[in-house]
Amino acid sequence: MHREEPGVSLYSRKVMIQAKSKALLPEWLRFVKGVVDCEDLPLNVSRELLQDQSLSKLRQVLTGRIIKWFENEAKSDPKAYKHFFEEFGNFIKEGACTESDNNRANVAKLLRYESSAGNSGEVFSFKEYVDRMKEGQENIYFMCVPKRKFAEESPYFEEFKEKGIEVLFMYDTVDEFVVNNLRQVGQNKLVSIDAADIKDGAFDKASKDDSKDTNTLEEDALSKQEAKLEAENIAEWFRETLGMQVRNVKVSKRHMSHPAVVIDHDSPAVRKMMAMMSGAAKAGEFDLPPTPTSLEINVNHPIIKKVWSIKNEDPEFAKQIAEQVHDNALIAAGVLDDPRSMLKRLNSIMEASLMATAASKSKDTVMQPKKIEIVEGETI
């Protein structure tokens with residue numbers, strides 16, 4: 001693939017010193033075109049003096065001015081900047097990953113992402129997100145996902161939507177590397193919504209509001225204790241059933257309508273890179289090993305309740321359901337490398353479900369009395 005060359009040439013008093021100079025701007029700004037005429041440089045400047053160290057001050061000033069100009073343009077004409085970012089956004093994201101600590105925060109101001117607070121196609125800066133944060137909210141939440149539809153249907157997003165907490169949607173693979181390099185914007189940490197044990201003042205406030213009407217009677221406390229014990233037993237059964245496929249299984253505290261989610265998993269971008277390496281290798285020489293994940297189960301979900309009730313009656317079928325629940329959670333997280341691996345099991349589950357439905361209907365069917373028509377002259 002052709003890599004774009006630097007587009008800025010260095011002049012001194014209208015005499016070209018170096019064409020397409022690599023020393024004037026950092027590599028992520030190679031899309032910028034133009035000339036720099038510096039009168040302080042002598043015309044007979046040597047090649048050694050054109051190295052980065054010699055021009056570091058000029059490079060620093062130019063980089064700062066260009067970033068500031070982009071920032072001002074974004075404020076004065078957001079619509080035009082949106083079109084600019086659609087074309088050159090990957091360069092700016094590269095800058096957020098590679099720029100020095102002094103400039104990285106300034107580059108982050110140029111980034112734009114879709115948000116759950118806006119419509120499809122609308123993009124926002126981190127500053128706009130921070131200005132809209134809920135009372136007590138400490139983190140900037142994001143989700144790396146290929147499409148907005150996947151994000152809005154994700155089990156990880158449900159609780160944020162329910163509590164009205166905004167989430168930034170990031171669609172490019174490089175975005176995972178961007179947030180890992182930025183780590184925070186100002187005083188606010190960048191946190192993925194699929195992270196384990198998220199702690200935030202906004203969640204704590206919502207939890208207190210939800211618990212205001214909690215009944216503290218002794219019998220209620222006893223029933224809660226029994227429910228907690230059963231939930232732990234369900235988690236333990238899943239852990240034993242799934243074996244080495246999972247690191248740990250615990251009862252989820254998330255508000256979600258899905259039976260389970262996985263946490264502490266490799267990022268999808270890393271898995272894709274590993275898969276590309278696997279594809280480049282010769283057949284049989286490199287197999288992409290599955291990475292064990294931690295599973296959070298929703299013990300109130302009908303699937304989890306039903307599989308728990310049939311585990312003794314039909315252990316093989318219950319095991320198939322548990323494995324399918326785990327694979328579904330991997331798909332939701334975007335880290336199941338090859339969904340074809342579960343097709344045989346999925347077909348078996350559908351076949352068993354259809355057979356059970358047919359058997360249930362045949363049991364419940366009661367023969368209805370038929371009207372017998374007697375033809376005249378016929379003997380009964």
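Predicted model: local features only at pLDDT ≥ 70, side-chain atom pairs only at ≥ 80, totals over all residues.
User: What share of the residues in the protein chain is buried?
Analyst: Buried means under 20% relative accessible area, exposed means over 50%, and partly exposed lies in between (1.4 Å probe, protein chains only). Of the 380 residues in the protein chain, the buried ones make up 39%.

User: Among contacts between residues at least 6 apart in sequence, what percentage join residues at least 24 apart?
Analyst: A contact here means heavy atoms within 4.5 Å. For the protein chain, the share of such contacts that join residues at least 24 apart is 72%.

User: Let's turn to the aromatic rings. Are the planes of Phe31 and Phe70 stacked or edge-to-face?
Analyst: Rings of Phe, Tyr and Trp (its six-membered ring) pair if their centres lie within 6.5 Å, and planes under 30 degrees apart count as stacked, over 60 as edge-to-face and the rest as tilted. By this rule there are 14 aromatic pairs. For Phe31 and Phe70 the centres are 6.1 Å apart and the planes are at 15 degrees, so the pair is stacked.

User: Which parts does the pair of Phe31 and Phe70 tie together, and how many residues apart are they in sequence?
Analyst: Phe31 counts as buried at 8% relative accessibility, and Phe70 counts as buried at 6%. Phe31 lies in the loop between strand S2 (15-18) and strand S3 (33-37), while Phe70 lies in helix H1 (residues 56-76), so the pair joins parts whose separation in sequence is 39 residues.

User: And what about Phe88 and Phe91: is that aromatic pair stacked or tilted?
Analyst: These two are three residues apart in helix H2 (residues 78-98), which means about one helical turn separates them. Phe91 is buried, with a relative accessible area of 16%. The ring centres of Phe88 and Phe91 are 6.2 Å apart with 40 degrees between the planes, and the pair is tilted.

User: How do H1 and H2 pack: what is the angle, and is H1 oblique or roughly parallel to H2?
Analyst: Two packed helices are described by the angle between their axes and the distance between the axes. Axes are lines fitted to C-alpha atoms, for helices over the stretch in contact, with angles running from 0 to 180 degrees between N-to-C directions; under 35 degrees counts as roughly parallel, over 145 as roughly antiparallel, 65 to 115 as roughly perpendicular and the rest as oblique. H1 and H2 have axes 5 Å apart and an angle of about 125 degrees, which makes H1 oblique to H2.

User: Which residues of H2 make the contact with H1?
Analyst: From H1, the contact uses Phe70, Glu73, Ala74, Lys75 and Ser76. From H2, the residues are Pro78, Tyr81 and Phe84.

User: Which residue lies over the face of Trp308?
Analyst: A charge sits over a ring if NZ of Lys or CZ of Arg is within 6 Å of the ring centre and within 35 degrees of the ring normal. One such case is Arg132, over the face of Phe124 at 4.4 Å from the ring centre. Over Trp308, at 4.6 Å from the ring centre, lies Lys311.

User: Which residues does Arg345 touch, leaving out those up to four places away in sequence?
Analyst: Arg345 is found in helix H13 (residues 343-364) and counts as buried at 16% relative accessibility. Its partners are Gln320, Glu323, Gln324 and Asp327.

User: Is Lys14 buried or exposed?
Analyst: Lys14 is in the loop between strand S1 (7-12) and S2, and has a positive phi of about 70 degrees although it is not a glycine. With 73% relative accessibility, Lys14 counts as exposed.

Notes
Residues numbered from 1 in each chain as written. Heavy atoms only, no water. Helix = DSSP H or I, 4+ residues; strand = E, 2+ residues; numbered from the N terminus.
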